Amino acid sequence: MIRRIFLLFFGLVFIFDCFADEPRLQTKFESKNGEYSVKYQKKKWTLSDKAGSTKYKFKDLGFTSMTILVSDNGQNIVIIDDFMEGHTIGDRNALWFYRNGKLLRSYKLTELVVDTCNVGKSIWHTDWSYGNFELSEHQNHFTLTTYELSEIAFDLTNGQIFSNQKPIGFDSNSLIVFGEFRKGDDDYTTMKILKYIAGIKQEDNKIKFKTTSYGAGLWRELLMIKNGIDITPDKYRGNMFLNTCLNE
């Protein structure tokens with residue numbers, strides 16, 4: 001009997017561990033060209049060139065669980081809290097811009113999203129942005145996309161927002177919604193809308209639309225639908241999952 005209880009307890013612990021979040025600890029990041037790197041040590045981050053010469057330092061603010069981008073000239077640093085630990089949002093910052101070790105600008109999450117319900121939450125962290133972060137080709141801009149499909153562009157010289165817009169094709173006839181739909185062989189299907197991001201509320205929270213981007217099966221997706229047609233940019237498909245403040 002005792003052995004059975006022990007095995008049951010061990011099995012439950014194992015199952016819980018499988019679904020628990022893995023902590024993230026990153027202490028070094030490099031520029032895309034490999035010429036510069038920033039490294040964490042003694043509660044500070046040090047920017048050095050390839051030869052090991054220190055250029056500047058800045059204070060750590062819990063950045064080891066985040067993503068840090070270093071420009072190819074080593075001057076600009078962008079830090080994104082893309083693995084936001086915990087579920088309390090409040091006034092916490094989500095984005096920082098540094099230039100030569102000096103803070104230019106930081107942004108609270110509430111300055112980047114319209115509704116803090118438009119996030120995904122796991123056991124221990126909060127997701128709010130589409131990944132695959134990169135600086136622009138000329139290393140002077142940085143763009144991120146939130147789970148509201150807001151594509152926000154920043155000027156690296158001052159950290160200011162110079163553009164905040166939805167993907168190409170979005171207009172007053174469009175919806176951005178998260179929901180569930182079952183797809184068969186037909187291109188047409190009906191979504192049960194679980195969350196509205198943008199657009200007019202639909203009757204019974206349902207919308208019939210055409211899509212050729214999904215095979216047969218049951219899907220939960222964040223989609224941009226215009227005049228009854230799925231026009232979601234392919235790069236965002238399957239990458240944004242909402243599970244807070246849903247209609248169900």
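Visitor: Which strand does threonine 146 lie in?
Guide: In this predicted model, threonine 146 lies in strand 13.

Visitor: And is threonine 146 buried or exposed?
Guide: Threonine 146 has a relative accessible area of 0%, and because the cut-off for calling a residue buried is under 20%, threonine 146 counts as buried.

Visitor: What is threonine 146 in contact with, leaving aside its neighbours within four places in sequence?
Guide: With those neighbours set aside, threonine 146 is in contact with Leu112, Val113, Trp128, Ser129, Ile152 and Met240.

Visitor: Let's take the tryptophan, then; what does tryptophan 128 touch?
Guide: Not counting residues up to four places away in sequence, tryptophan 128 touches Ile80, Asp81, Asp82, Met84, Ala94, Leu109, Leu112, Val119, Leu144, Thr145, Thr146 and Tyr147. Trp128 also belongs to the largest nonpolar core, which has 21 residues, and it is one of the members that touch the most others, along with Val78, Leu95, Phe142 and Phe154.

Visitor: Which strands each supply at least two residues of this core?
Guide: Those are strand 6 (76–80), strand 8 (93–99), strand 13 (141–146) and strand 14 (151–155), and the one that gives the most is strand 8, with three residues. As background, nonpolar side chains tend to be buried together in soluble globular proteins.

Visitor: Changing topic: what is the strand order in the open sheet of three strands?
Guide: The order is 7-11-10, and the pairing is antiparallel. Strand 7 (84–85) and strand 10 (120–121) stand at the edges, and each has a single partner strand, so each is left with one side that has no neighbour in the sheet.

Visitor: How many bridges join strand 10 and strand 11?
Guide: Strand 10 pairs with strand 11 (residues 125–127) over two bridges, in the antiparallel sense, and glycine 120 stands opposite aspartate 127 of strand 11.

Visitor: Stepping back, how many helices and strands does the protein have?
Guide: The secondary structure comes to one helix and 20 strands, and the C-alpha trace spans about 65 × 60 × 35 Å along its principal axes.

Visitor: What share of the residues is buried?
Guide: Of the 248 residues in the protein, 42% are buried. The protein exposes about 14100 Å², and carbon and sulfur atoms supply 51% of that area.

Visitor: And the charges, how many positive and negative side chains are there?
Guide: There are 32 positive and 31 negative side chains, and the centres of the two sets lie 6 Å apart.

Key
Residues numbered from 1 in each chain as written. Predicted model: local features only at pLDDT ≥ 70, side-chain atom pairs only at ≥ 80, totals over all residues. Heavy atoms only, no water. Helix = DSSP H or I, 4+ residues; strand = E, 2+ residues; numbered from the N terminus. Buried < 20%, exposed > 50% of the residue type's maximum accessible area, 1.4 Å probe, protein only. Areas by Shrake-Rupley, 256 points an atom, 1.4 Å probe, with all protein chains shown as cover. Lys, Arg positive; Asp, Glu negative; His and termini not counted. Charge placed at Lys NZ, Arg CZ, Asp CG, Glu CD. Core = buried A, V, L, I, M, F, W, Y, C linked by side-chain atoms within 4.5 Å. Contact = heavy atoms within 4.5 Å. Pairing = 2+ DSSP bridges.
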